[in-house]
Amino acid sequence: MAGAITTHLSSEASKRPKHITEPALVRIVLITIALIFLALVVLLPLVSVFVEAFKKGFDVYRAAITDPDALSALRLTLLVAVIAVPLNTLFGISAAWAISKFRFRGKQFLITLIDLPFAVSPVISGLIYILMFGAQGFFGPWLDSHGIQLVFALPGIVLATVFVTVPFIARELIPLMQAQGVAEEEAAASLGAKGWQIFWRVTYPNIKWGLLYGIILCNARAMGEFGAVSVVSGHIRGQTNTLPLHIEILYNEYQFSASFAVASLLVMLAFVTLIVKSLMEWQMNKRASAQIV
Amino acid sequence: MKGSSRSKGRSRGGKARNVLPGFGLSMGFAIVYLSLIVLIPLASVFIKTTGLSFAEFWGTVTNPRVLASYRISFFTAFSAAAVNMVFGLLIAWVLVRYRFPGKKFIDSLVDLPFALPTAVAGIALTAIYAPNGWMGKLLQPLGLKVAYTPLGITIALIFIGIPFVVRTVQPVLQDLNKEIEEAAVMLGAYRMRTFWKVILPELMPALLTGFALAFARGIGEYGSVVFISGNMPMKTEIAPLLIMTKLEQFDYAGATAIALVMLVVSFLLLLFINFMQWRINRRVVEGG
């Protein structure tokens, strides 16, 4: 679902004979409406983050992002992503390999299961781990008697983050690997290549850009997740606060400029994500046109 | 092929009649991982609810404040998805069919709501639409209050949902056969008529999928909404926030009951989406 669909704008499709396109005036009006809509809905919020962040000057900005609480939130956010993203990468590759290279019953059902976290509200994604591991949860008493705390601590934040980001890499790889089929891998196998050799020498070069984009998308969500993490974090300042939670706290304390300053860091992360996506599409288009020639 | 897969040493994926290795390992890992991370934790919502008597469950989910939160969540998510269906189609149309400067940039901009953390979107939209914000200042004299009203929630959900519609419609529009449009022209149809009678029906499954994706996301959305909604019980309190409130009051049973209803709706939407997606794919396969 989210971000799973990547499209490539081909200049081919926009060249259309006159009788199956609209008159120039209609085209201009439609383009203008679309641009105004996007400017109002998407661009304006983006610009406002930076304007608000620098409203009180650069010193306030720098103070906000070098504040010890902000730095500890940044550290926690990075730590969570470093654990969650590799786990989901491993899952994504496994699931995509099984689904795209083999035939089995219930494949569509398995894909639906992978999509599940997309359909679940972030708040519920946090709630389920409270129900499992919280003080009143199913495993709560046992964990408590062994002195293990999962929720309102790092493990809970990691679990909730892993949950919400499960589908990203798998959903990016499945259509890509399905489209590529199994011919190249089968050829490699018939020439005597072993499992990992096939994957690294044949499959990986074909999917590396899609995989990179999946990882970047997964990472963006992992670092930006708010609802699920908010439920399981316990909001202990300097300890279990991630960057998005830190933004919320600053905002609720009416430290708007500081809050937007920290938010601008996450906007940069979004930019990196979009740049990698553009790079990936460019690479794929190059590959596609190279194949045609 | 069948023969070679039976040959010794290469039949580890034997069940799948395939020469490639690793089926057992990759499938096994995927299933165990999904079970541990997704399925078992999700099942806890259902198990926890069985601890309630039916009267308790019914009492919780039909409480006026809970019903009001469902109404607000569904109504705003539905309105936002409807708006996105129209503008999403327009944006996809313009991106696929017309040429204009800055098209690549606009195309990337559509993805921004996917990439931007929801809390950031939430505070930014609130700053814009608050009475002293850029848009708030313009709309205030017109008597339009956006922030801290259902309209504000809807605007946040439009932001969150727009990429879903654009990215679902775009590939279908791109693959649409020129021939059928040509045929319509040949048969004397005007442009508008071609759009309504030929193009729109072809796009309908994708549009509905996009709508359902945006709707599903909107019902559950939390981060971008809590800041702009104002969170007044009965008026602008969304269902996910009510779950949060119940959790903070340690009313786990109440929170779980509300969550169960939302989960069931989400599952139904997901089934619908996957069914539509399957139909679109089948169409593409048959058509090409």
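Colleague: How much area do domain 1 of chain B and domain 2 of chain B bury between them?

Modeller: In this predicted model, carbon and sulfur atoms account for 89% of the area buried between domain 1 of chain B and domain 2 of chain B.

Colleague: In chain A, how far apart do the C-alpha centres of domain 1 and domain 2 lie?

Modeller: Here the assignment gives domain 1 of chain A as 12-53 and domain 2 of chain A as 56-292, with five residues of domain 1 in contact with nine residues of domain 2. The two domains of chain A bury about 660 Å² between them, 79% of it on carbon and sulfur atoms. The C-alpha centres of domain 1 of chain A and domain 2 of chain A are separated by 31 Å.

Colleague: Turning to the two chains, what area is buried between chain B and chain A?

Modeller: The contact between the chains involves 103 residues from chain B and 106 residues from chain A. Carbon and sulfur atoms give 76% of the area buried between chain B and chain A, and that area is about 9600 Å².

Colleague: Which residues of chain B lose the most area to chain A?

Modeller: Carbon and sulfur atoms contribute 76% of the area buried between chain B and chain A. The chain B residues that lose the most area to chain A together make up 7% of what that side buries, and they are B:Leu20, B:Tyr33 and B:Tyr98.

Colleague: Which element of chain B gives the most to the side that touches chain A?

Modeller: Across this interface there is one salt bridge, in which the side chains of A:Lys277 and B:Asp111 meet at 2.4 Å, N to O, and there are seven residue pairs in polar contact, both at pLDDT 80 or more. The side of chain B that touches chain A has 73 nonpolar, 17 polar and 13 charged residues. With 18 residues, the element that gives the most to that side is helix α2 (residues 23-50) of chain B.

Key: Residues are numbered from 1 along each chain as its sequence is written. Chains are lettered from A and ligands numbered from 1 in the order in which they are written. This is a predicted model: local features need pLDDT of at least 70, side-chain atom pairs count only at pLDDT 80 or more; totals for chains, interfaces and linings use all residues. Side-chain values use heavy atoms; hydrogens and water are left out. Buried area is the accessible area (1.4 Å probe) that two parts lose on being put together, summed over both. Contact means heavy atoms within 4.5 Å. A salt bridge is a side-chain nitrogen of Lys or Arg within 4 Å of a carboxyl oxygen of Asp or Glu. A polar contact is a pair of N or O atoms within 3.5 Å; within protein, one must be able to donate a hydrogen and the other to accept it, and residues adjacent in sequence count only if both atoms are side-chain atoms. Helices (H or I, at least four residues) and strands (E, at least two) are DSSP runs, numbered from the N terminus. Ala, Val, Leu, Ile, Met, Phe, Trp, Tyr, Cys and Pro count as nonpolar, Asp, Glu, Lys and Arg as charged, and the others, Gly among them, as polar. Domain bounds come from an automatic or database domain assignment.
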